[in-house]
Amino acid sequence: MGCKKKVLAVHVLVFPFPAQSHVSSMLKFAELLCLENLKVTFLNSHYIHDRLFRCTDVEARFANYPGLIRFKTIPDGLPEDHPRCGHDRFREMFESTRAVTKPLFREMMVSGELSLGSSTWSPVTCIVADGVMSFAIDVAKDIGIMSVAFRTISASCYRAYFSIPRLIEAGELPFQGNVDMDMPIEHVPGMEGFLRRRDLPGFCRSSNLADPILQFVISESQHNARADALIVNTFEDLEAPALAHIRTHIIPNTYAIGPLHSHLQTRLGGKTAVSLYTLWEADRNCLTWLDTQPSKSVVYVSFGSAVVMTRDQLLEFWYGLVNSKKRFLWVMRPDLVTGKDETPIPAELLERTSGVGCLVDWAPQEEVLGHRAIGGFLTHSGWNSTLESIVAGVPMICWPYFADQMVNSRFVSEAWKLGVDMKDLCNRGIVEKMVNDLMVERREEFVRSADEMARLARESVSRGGSSFCKLDRLIKDIRINSQ
Ligand code: UDP
């Protein structure tokens, strides 16, 4: 990599894609850098910046690091009233980021303050850019500073994404002939036959290879290999084979430094709750409700920040949960249901929910998962939710919705044995059965694997653990390359 001359201090630019899970994991990373006395500029879209500062006390949080972090903003190119949620919306977000944010970013880095510095901030010496915004990697290359791609998905999923051109070449994509979604996929190296058609990301189901999301994922995944280093929010004991493959075939300097929320907590001495960086205000009353529930009795239900479902699907989940006769805490985001069906929720269902179910718009998830009353997690298998569940030792029912979630849920159920996968199914009978499997019938086996994986996760971020050492190494490399 090229080196910039006469740089005065290490100064890292951290630049996430403007979506909840990307911003929160990269903010945790930024805080980890601050803890090591590195200066950080965190670059958010205007929209995300406003929401983040409105919903959480980010300002107070980072007041702990005077002079070490500042927040800058850049437009995402979307109209203010754009919902920025759901699968279709992501496509618009990717497109506008490329059309609008990309040229502005280049300008900022080439001739703006970030490149020239100011009286208090020296020029940026390293760019850590979201792995789906590799245009930032090109800019780092052009101006001769260190470039690091940050993938917010699992290493296994990144490996699967990277293999898509190979699947196309081998004729496994687009799906041909019959529609057997259980047919094994043979051309993801190291995972031959493990993933089935249905476990590939949703955009692989398109019969159109020119599908813009598919093309976007292919090009970004290949592009990551141009960076000087790659960060993945995972740990060796969870994903050793995928990490080894990435290091050998894609990018040697790959740093597995996760689970980041747990890593940050360790380096903060375990004292501070880190459920802070979210774009919704968390309803903490649910913790009081949980305090009144028996140990391990509650199923926590959350589909993350971007999943949307029909009213019918919502009702299937709801009936399945009440029929299971288990208690539940459900995050029902106001924008969770699509369409304009205003039919009221059946009174009978609400009656059966009273006393056993607690509904909130948004929860302090990490604290919820760590609560003694939680016994299971019905999740959309977003990568952050999966890691948070792993650290808390909570078994999962997976209902993946799109993108990496399809791969994550396959690993949760078949590789790590941490729960069950109800991908592509959504009816009350299945929900009830899965809840009973998780909470009663197969409980012992899941709890055993979940306890063991939680132990390994915590070990990885403890002093001397693999993620702890990798972060030290990464920081050292950033310092060296900033000279
Ligand atoms: N989250 C939260 N409260 C909620 C629901 C989600 O704090 O009520 C957080 C959760 O802890 C996780 C993130 O939102 O860190 C969701 O990220 P994930 O990768 O699981 O899914 P995505 O939202 O990207 O689909």
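How many helices and strands does the secondary structure of the chain come to? Count 20 helices and 13 strands. Keep in mind as you click around that this is a predicted model.

**Stop 1: the whole chain**

Start with everything shown as a C-alpha trace. Along its principal axes, that trace spans about 70 × 55 × 45 Å. For 483 residues, a compact globule would have a radius of gyration near 23 Å, and the chain agrees with that because its own value is 22 Å. Colour by burial next: buried residues account for 49% of the 483 in the chain. If you draw contacts between residues at least 6 apart in sequence, 72% of them join residues at least 24 apart.

**Stop 2: the seven-stranded sheet**

Select E1 to E7. You get an open sheet of seven strands, paired in parallel, in the order E3-E2-E1-E4-E5-E6-E7. At its edges are E3 (69–74) and E7 (254–256), each of which pairs on one side only.

Zoom in on E1 (residues 11–15) and E2 (residues 39–45), a parallel pair joined by four bridges. Pick valine 14 here, and across from it in E2 you'll find phenylalanine 42.

H1 lies across E1, E2, E3, E4 (126–130) and E5 (146–151), and runs at about 165 degrees to E2.

Slide over to E6 (residues 229–232). Ala229 and Ile231 point one way from this strand, Leu230 and Val232 point the other way, and all are buried. On one flank, E5 pairs with E6 in the parallel sense over four bridges, and phenylalanine 150 has isoleucine 231 of E6 as its bridge partner. E6 also pairs with E7, again parallel, over three bridges; there, leucine 230 has threonine 254 of E7 as its bridge partner.

**Stop 3: alanine 160**

Select alanine 160, which sits in helix H7 (residues 155–162). Is alanine 160 buried or exposed? It is buried, because 29 other C-beta atoms lie within 10 Å. Leave out neighbours within four places in sequence, and alanine 160 is in contact with Val188, Leu195 and Val407. For a distance check, pick asparagine 384 as well: from alanine 160 it is 224 residues away in sequence and 18 Å away in space, C-alpha to C-alpha.

**Stop 4: the six-stranded sheet**

Select E8 to E13. This is an open sheet of six strands with parallel pairing, and the order reads E10-E9-E8-E11-E12-E13. E10 (357–360) and E13 (419–421) stand at the edges with a single partner strand each, so one side of each has no neighbour in the sheet. From one strand to the next, the twist averages 15 degrees.

Show helix H18 (residues 428–441) against this sheet. H18 packs on the sheet and touches E8 (298–302), E11 (374–379), E12 (396–398) and E13, with its direction at about 165 degrees to that of E13.

Then centre on E9, residues 327–331, which runs parallel to E10 and is joined to that strand by four bridges. Valine 331 faces valine 360 of E10. Turn to the E8 partner: E8 and E9 also pair in the parallel sense over four bridges, and tyrosine 300 has leucine 329 of E9 as its bridge partner.

How many residues of E9 are buried? Five of the five, so this strand is largely enclosed by the rest of the structure. Show the side chains to see both faces covered: Arg327, Leu329 and Val331 on one side, Phe328 and Trp330 on the other.

Technical notes: Residues are numbered from 1 along each chain as its sequence is written. This is a predicted model: local features need pLDDT of at least 70, side-chain atom pairs count only at pLDDT 80 or more; totals for chains, interfaces and linings use all residues. Helices (H or I, at least four residues) and strands (E, at least two) are DSSP runs, numbered from the N terminus. The radius of gyration is taken over C-alpha atoms; the globule rule is 2.2 Å times the number of residues to the power 0.38. A residue is buried if 20 or more other C-beta atoms lie within 10 Å of its own, exposed if 12 or fewer, and partly exposed in between; C-beta atoms are placed from the backbone. Two residues are in contact if their C-beta atoms, placed from the backbone, lie within 7 Å. Two strands pair if DSSP finds at least two bridges between them. Axes are lines fitted to C-alpha atoms, for helices over the stretch in contact, and angles run from 0 to 180 degrees between N-to-C directions.
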